[in-house]
Amino acid sequence: MVISFYIFQICIIVFLGILISSLIKNPVIKLFVSSIFSLFITAQISSLYFGARLIDYKYYVHFNFDDIVAIYKHYILQLSLLIAVLLALTFLMFYLSKKLIQVKFIERYFIRVSIALLSIFLLSVKGWAFNEIFQIIKITNTATKQFSGSLKSLGIDEQDYISPSEVIAEKGKNIIIISLESLEKGFLEEGFATVTPNLRELSKEMVFYNMSPAPGSDWTSGSLYTYLTGVPAFFKKPGNEIFQNSVSAKITGMPHVLKKAGYNPVYLIGKAEFSGINDILNTYGVTVKSEETIKTKYPDTQWGLHDKDLFAEAKKEILLNKNSGKPFALFMSTVNSHAPDGVYDERMEQYVSGQRNGLEFSIASVDYLIGDFISFLKKENILQNTVIYIFPDHLLMQLSSETVDDFTNADIKNLTYNNNEDIYQIDLPKIILEGAGINHNAKFLTDFIKTDKIEFLKNNISNILDKIEFLKNNISNILALNESSLETKNEGDAYYENYISKETTNSNNDGVEVILYEKRDTIYLESSTDKEITLKIGNKTFNSKEGLNLIFKIDNKFFHIETFNFTNDTSTFNSFIDKLRFLDIKKQFYAIALQGTTSVGLSWQKAMLKQYGLSKLAGLNSGESYIAFSNRGYPREIVSNENLNISMPNEVTVVVRSMPDIKSDARDTKKFIAHAGGKIQSHTYTNSKEALDLSYKKGFRLFELDIIKTSDNVYVAAHDWKHWKMITGFEGDGPVSSDEFLKHKIFQKFTPMDIGSINKWFNGHPDAILVTDKVNEPNDFADKFTDKNRLIMELFTMDALIEGLNSGIKSAMASQSIIAQLKGNKVDELLKLGVKDIAVSRRMIKDNIPFFKDLQKNKINTYVFHVNFDTGKDEVYVLTNEMHLVYGLYADEWGFR
């Protein structure tokens, strides 16, 4: 019935398009209008197919180019059909619009206009297609409020709301959460008895709820946000942009409670980058483990890890935490049951019998893996002190039913909700914490949705209002709450993150250094090409003018602003450079903010500006906003097609590193490894000859290359076959032969390298040293490389490390996976082995300071990776904030200033 209603609307839109096109005489304009209507109708059809409704907020969130590129191969047939529909509709509407005026009843202009207006009116009624478009516009243009005002709009007293910093919590049981891709309640019905036997049995053994999806939460990342926070994921931006550059959130979420109770939440997922998931989890302080960070090599899939491999990693994580003495919280997201046909894993054929289609086979595979996982938990006696929750992330993303389900092994006595009661996605964080027996003072949105007490007495059924209606009626208020919750920072803000701390002591009882920071007056900068900008330091506002506004200190006491307005004006430019030269020599802070466009067009002074680290200013285009700032002689630039604004603390009372140390390290070529050959033309991970050439020219002398083998056992430089196919456009399966590998340019312009061309390049650069990644056969690779004395190999197993230490190469570098395996005093074990270098994630530093100090003391060089992986944690950040604890880093780019 509902589908018929949607199809009826599409028919009206088609007729409306034909009507409007018929009013236009010019054939080119007529064709253009027909094309626009056809595109709109095709989009509606795609929304109906993939989401079971016409275009709405969910479609807006999902429609982004990056995600389409990431998964298009799963939908080749559907996308081809949609393109065919688009072309057919365009032709049909163009043709029929000419024929329509020949129909007697509607040949008159007035009649056609009247019918068109009536159609537009009908489509604008609540719940119809045009009204849904209007709602998207309305939602995404919701006025921004302060967080307290957003709470008030929802009827929440700010004094009654527990902020993240106010959370008090005591640990309870361990927690395991399994979010199942699209596996809604219908798959537990009798008709699927052979597909989901384990889940059907668990639904009888455990506490079972009927759970309704919440609006704004019916896609993967939206569902994740909701079950972390209890709030629907209404935001202004599309899904994969919402949390970019966010650093924290004011909405109290389940991870805040878990962290206060002593848990370290870990999230296992196949591909964390998809749809902004990684950004959500980072914002809420959840450790993410995915294909990017898991060292074990698993089969390739566009979705990251298959569910079989995800559960294998989950078992490892459980065993790792089993005897730690600390509570654990493990989150998982499956993917193989994704519409339309599932993600087929042929390895599951040995465990699961054939099904009617690929989707059912994938669901049966997930069902088997869950059964196997529960058996593993029972065998390891994990369930005695662990509560497990299983629920789908959303409905099947096609024409599907409207219910989802949830079940848990939590004791029903601990739960506010009884198992005959319907629950909603926004109830999940409360239920999860209750079931685990975690005592806390946090309140979630569901706690504030109360019914009238008289109504409660009348009904005597539930103490909650119809929550779905509440959510639908408060979409704008919820969006305002979400937007005001996020605390974001631009690239510039991230650089200053470590300059703020509440610590007031210089050392702790373990003798570990604690740096004292103090937040001073905040510096606020704006840049706009079409309006006057605001520049503030503390309470003082500066009057900006058209041009480049330069803020700096006079006599190191108070701030001053000068404006430079020039276009090919040599004298003004020289004055600007003189000022920069003075500030650079003094290593003094300064900031630059562009107002208007009159200072654009400095390419004629590119060499001079590059000298002062302002190369982006030289290449600035009309319409681009620009902010730069320099601290201690290291400038940062930010360019955008939109208006920019950033804020940062003025200064610090105690700095992490002395300027002489920073300057010395910044010029030391032994401390910077060109990551995957180095960055070239905004591309990383090319492992190309051109990247090596550019990095060498910049001053690098240590060059990392990812080394893998072709089908004919030739070593080549590539991160992995899936990534290689993506950056070369290769359509077949990998691995390929060495001849085939060399045929394909990287991004259609960069030269691929096999072991022969690698050797040739290093022979031509006798002071260059190769650092390998991925390859774990030291003797074999060393025999094929041109010079063992210029070879450092990161190795990933103890056997390979020992082999490397005896192979005669310059250094056998122990990877993080080996460090994790070492028992007892890890530094002592490394010394016994004779290891001189190790490679670990810079994310380890914060929680392992004594370990890194011990490495330094024993002259074991630590090189850190994951530079540029976290917002703001770039090469400058590591140099100025972390290199007092590590020796060097894997850098995408560096200038050795």
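This is a predicted model: local features need pLDDT of at least 70, side-chain atom pairs count only at pLDDT 80 or more; totals for chains, interfaces and linings use all residues.
User: Which residue forms a salt bridge with aspartate 668?

Analyst: The general idea is that side chains of opposite charge can pair when their charged atoms come close. Here, the partner of aspartate 668 is lysine 670, and the closest N and O atoms are 3.2 Å apart. Lysine 670 is partly exposed, at 48% relative accessible area.

User: Where else can I look for a pair like that, say at lysine 671?

Analyst: Lysine 671 meets aspartate 665 in a salt bridge, at 2.9 Å from N to O. Lysine 671 is buried, with a relative accessible area of 14%, and aspartate 665 counts as buried too, at 6%.

User: And what does the pair of glutamate 190 and arginine 200 tie together?

Analyst: Their side chains meet in a salt bridge, 3.2 Å from N to O. Glutamate 190 sits in the loop between strand E2 (174-180) and helix H9 (197-205), while arginine 200 is in helix H9, so the bridge ties together parts that are 10 residues apart in sequence. As for accessibility, glutamate 190 is exposed at 58%, whereas arginine 200 counts as buried at 15%.

User: How many salt bridges does the count come to?

Analyst: The count comes to 27 salt bridges.

User: Okay, on to helices. How do I read the packing of H13 and H14?

Analyst: Two packed helices are described by the angle between their axes and the distance between the axes. For H13 (residues 307-322) and H14 (residues 358-379), the axes come within 10 Å and cross at roughly 15°. Angles under 35 degrees count as roughly parallel, and H13 and H14 are therefore roughly parallel to each other. Their crossing is right-handed.

User: Which residues in H13 and H14 meet?

Analyst: On the H13 side they include Phe311, Ala314, Ile318 and Leu319, and on the H14 side they include Val366, Leu369, Phe373 and Phe376. By class, this contact has 10 nonpolar, no polar and four charged residues.

User: What about H31 and H32: at roughly what angle do the axes cross?

Analyst: The axes of H31 (residues 826-833) and H32 (residues 849-857) cross at roughly 30° and come within 9 Å. That makes H31 roughly parallel to H32. The crossing is right-handed. Lys826, Val827 and Leu830 in H31 meet Phe851, Asp854 and Leu855 in H32. Those residues divide into four nonpolar, no polar and two charged.

Note on methods: Residues are numbered from 1 along each chain as its sequence is written. Side-chain values use heavy atoms; hydrogens and water are left out. Axes are lines fitted to C-alpha atoms, for helices over the stretch in contact, and angles run from 0 to 180 degrees between N-to-C directions. Helices (H or I, at least four residues) and strands (E, at least two) are DSSP runs, numbered from the N terminus. Angles under 35 degrees count as roughly parallel, over 145 as roughly antiparallel, 65 to 115 as roughly perpendicular and the rest as oblique. A crossing is left-handed if the near helix is turned anticlockwise from the far one by less than a right angle, and right-handed if clockwise. Contact means heavy atoms within 4.5 Å. Ala, Val, Leu, Ile, Met, Phe, Trp, Tyr, Cys and Pro count as nonpolar, Asp, Glu, Lys and Arg as charged, and the others, Gly among them, as polar. A salt bridge is a side-chain nitrogen of Lys or Arg within 4 Å of a carboxyl oxygen of Asp or Glu. Buried means under 20% relative accessible area, exposed over 50%, partly exposed in between (1.4 Å probe, protein chains only).
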